[in-house]
Amino acid sequence: MPTRKIVFNSVGHIEICISDLKRASAFYRGLFGWTVTPAIPGYWMWRDKGTLGGGFAKVPKSKIRHGAIMFYVNVRDIEAVLKKAKTLGGRIVGKKRQIEGGDFGCVGELKDPFGNVVGLWTSHPVHWKARV
């Protein structure tokens, strides 16, 4: 396994609580191209195309606390990802919009099939003209 540089005080692992490992794997692999690997019973590891990774922790639906953690995924085209999320069983909860107060880019939010809110962010100026 290749080693990676550890950057202290940065996000190193994000755990997403879900109730169906196979469905979560298909959703995030299909939406963002993440690599998903079974690790131990009830826990699968995921890695994005950059340096971040985490895990899917299988828990009963009654134990999933929606909105307990919010993370943003860097994407090129928020509207395209929101549209794709719908085809994979997700739901749009925040349309693409420019972040007010400066040149900070645009954001949007979706819910995965388990009710977790996932933020989308882009800093590409071409996408700053949000259709709101």
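**Close-up views of a predicted model**

**View 1. Cysteines without a disulfide.** The structure holds zero disulfides, a disulfide being a pair of cysteine sulfur atoms within 2.5 Å. Cys17 is partly exposed at 29% relative accessibility, whereas Cys106 is buried at 0%; here buried means under 20% relative accessible area, exposed means over 50%, and partly exposed lies in between, with a 1.4 Å probe and protein chains only. This is a predicted model, in which local features need pLDDT of at least 70 and side-chain atom pairs count only at pLDDT 80 or more, while totals for chains, interfaces and linings use all residues. Residues are numbered from 1 along each chain as its sequence is written, and side-chain values use heavy atoms, with hydrogens and water left out.

**View 2. The salt bridge between Arg97 and Glu109****.** The count comes to one salt bridge, defined as a side-chain nitrogen of Lys or Arg within 4 Å of a carboxyl oxygen of Asp or Glu. In this pair the closest N and O atoms of Arg97 and Glu109 are 2.8 Å apart. Arg97 belongs to strand S6 (residues 91–98) and Glu109 to strand S7 (residues 106–111), so the pair ties together parts that are twelve residues apart in sequence. Helices (H or I, at least four residues) and strands (E, at least two) are DSSP runs, numbered from the N terminus. Arg97 is partly exposed, with 33% relative accessibility, but Glu109 is buried, with a relative accessible area of 9%.

**View 3. The largest nonpolar core, with 27 residues****.** A nonpolar core is a set of buried Ala, Val, Leu, Ile, Met, Phe, Trp, Tyr and Cys residues joined through side-chain atoms within 4.5 Å. The members that touch the most others are Ile16, Phe32, Phe56, Leu110 and Leu120. Among the elements that each supply at least two residues are strand S1 (14–18), helix H1 (21–32) and strand S8 (117–122), and H1 gives the most, with six residues. Leaving aside neighbours within four places in sequence, Phe32 is in contact (heavy atoms within 4.5 Å) with Lys49, Val73, Val75, Val81, Val118 and Leu120.

**View 4. Ile40 in strand S2 (residues 35–40)****.** Ile40 counts as exposed, at 55% relative accessibility. The C-alpha atoms of Ile40 and Ala57, which are 17 residues apart along the chain, are separated by 10.0 Å.

**View 5. Confidence along the chain.** The protein chain averages a pLDDT (the predictor's confidence in each residue, from 0 to 100) of 83, and 81% of the residues score at least 70. Among the elements of the chain, S5 has the lowest mean pLDDT (86), and H2 has the highest (96).
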